[in-house]
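Subject: Structure handover

Hello,

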Amino acid sequence: MKLSVLDQSVISKGDSAGQALNKTVELAQITEELGYTRFWVAEHHNTNGIAGSSPEVLISLIASRTKKIRVGSGGVLLPQYSPYKVAENFKVLETLFPNRIDAGIGRSPGGSATTRLALTDGTRKSLNEFPRQVKDLQGFLRNDLPAEHPYHQVKAYPEGSGFPELWILGITHRGARLAAELGTAFTYGHFITPVNGKRALEQYYREFQPSHLLHKPKANVCVFVICAETQDRAEELVLSQDIWLLRVEKGLDTRIPSLEEARNAPLTSSDRSRIKENRKRMIIGTPEKVRDELLRLGEVYRTDEFMIINNLFSFDHKVNTYTLLADALL
């Protein structure tokens, strides 16, 4: 099995945004040494607890501080941007770091309606344009837009010897179908919703059409994992992530609370039900338990690669999850 990382650069309470970003870079270096395949950073906006608002900038820093791990976005919010500019950004990255860059793109609006308008400088762009934008992005990456395209004569530079890997991120069969039709790699967000994954991956593999950028299907699945030496310890550590997720969903403070704060957080019966539901997005336990569950999910999803996301308060506890998983699976 291949293991990879998605990191959101979430700020733990008491830390600064700079510390959160530096921990993301350090985690990339650590997981590279542990044998992880790729390291992706996310894009969030207008959120006080998440420092990762510009994945392209962070990718450049991480790639310069590592040697071989693939580095990418999970993902750039394409509906808010110009496919041409996104292509240029990733062609620069691919030129600087050949054969190491992943261009992960998503359809998410990226925040509230006002936040999205700020991103588009007041232009009201439809999410329904996403399929067309992906096609344009593919065309700009290869500089082979069809002759009838209005931007046919516009080329994206620099031109190098290779291309970044293009991934579509999705949480439904519709995203999987688009990735299959356009011949891109596909990432399923089990950590967002675990209920649609089997159908989505089945459709992706069944309908995949080779493209100039990808000749055969390639997929991975992203899942929350909290791992510790004992089950009880893992169940204790996950409390900070439980409360963080609950507050994110309510639009409250999006910094990660300490374990002490999480233990003492007042909870309604509705809160407890929501935490229980959110646990379905996670694998929590010992290395053996997590290994067995990932192997089981690998058969369900027909993939040999999982991206691990982990938003614990303590960086040391976070690193321990990745270390224990590497020992168990790599």
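In helix H8, Asp242, Ile243, Leu245, Leu246, Glu249 and Lys250 meet Asp271, Arg274, Ile275 and Asn278 of H10; contact here means heavy atoms within 4.5 Å. By class, this contact of H8 with H10 has 4 nonpolar, 1 polar and 5 charged residues. For the classes, Ala, Val, Leu, Ile, Met, Phe, Trp, Tyr, Cys and Pro count as nonpolar, Asp, Glu, Lys and Arg as charged, and the others, Gly among them, as polar. H8 covers residues 231–250 and H10 residues 269–278; their axes come within 10 Å and cross at roughly 110°. That makes H8 roughly perpendicular to H10 (angles under 35 degrees count as roughly parallel, over 145 as roughly antiparallel, 65 to 115 as roughly perpendicular and the rest as oblique). Axes are lines fitted to C-alpha atoms, for helices over the stretch in contact, with angles from 0 to 180 degrees between N-to-C directions.

The model is predicted: local features need pLDDT of at least 70 and side-chain atom pairs count only at pLDDT 80 or more, while totals for chains, interfaces and linings use all residues. Residues are numbered from 1 along each chain as its sequence is written, and side-chain values use heavy atoms, with hydrogens and water left out. Helices (H or I, at least four residues) and strands (E, at least two) are DSSP runs, numbered from the N terminus.

Two further helix pairs follow. Helix H11 (residues 287–301) packs on H12 at an angle of about 65°, with the axes 9 Å apart. That makes H11 roughly perpendicular to H12. The crossing of H11 past H12 is right-handed (left-handed if the near helix is turned anticlockwise from the far one by less than a right angle, right-handed if clockwise). Pro287, Val290, Arg291, Leu294 and Leu295 of H11 meet Leu324, Leu325, Ala328 and Leu329 of H12. The residues in this contact divide into 8 nonpolar, no polar and 1 charged.

Helix H1 (residues 17–34) and helix H2 (residues 55–65) pack at about 40°, with their axes 9 Å apart. H1 and H2 are therefore oblique to each other. H1 also passes H2 in a right-handed crossing. On the H1 side the contact is made by Leu21, Thr24, Val25, Ala28 and Gln29, and on the H2 side by Leu58, Leu61, Ile62 and Arg65. The contact of H1 with H2 has 6 nonpolar, 2 polar and 1 charged residues.

Lysine 318 lies in H12, which spans residues 315–329. At 9% relative accessibility, lysine 318 counts as buried (under 20% relative accessible area; exposed is over 50% and partly exposed in between, with a 1.4 Å probe and protein chains only). Not counting residues up to four places away in sequence, lysine 318 touches Asp7, Leu27, Asn310, Asn311 and Leu312. Lysine 318 and leucine 27 are 291 residues apart in sequence, with their C-alpha atoms 8.9 Å apart.

On the strands, S8 (residues 219–227) and S9 run parallel and are joined by 4 bridges; strands pair if DSSP finds at least two bridges between them. Phenylalanine 224 has methionine 282 as its bridge partner in S9. From S9 (residues 282–285), Met282 and Ile284 point one way and Ile283 and Gly285 the other, and all are buried.

Leucine 169 sits in strand S6 (residues 165–170) and is partly exposed, with a relative accessible area of 22%.

Regards
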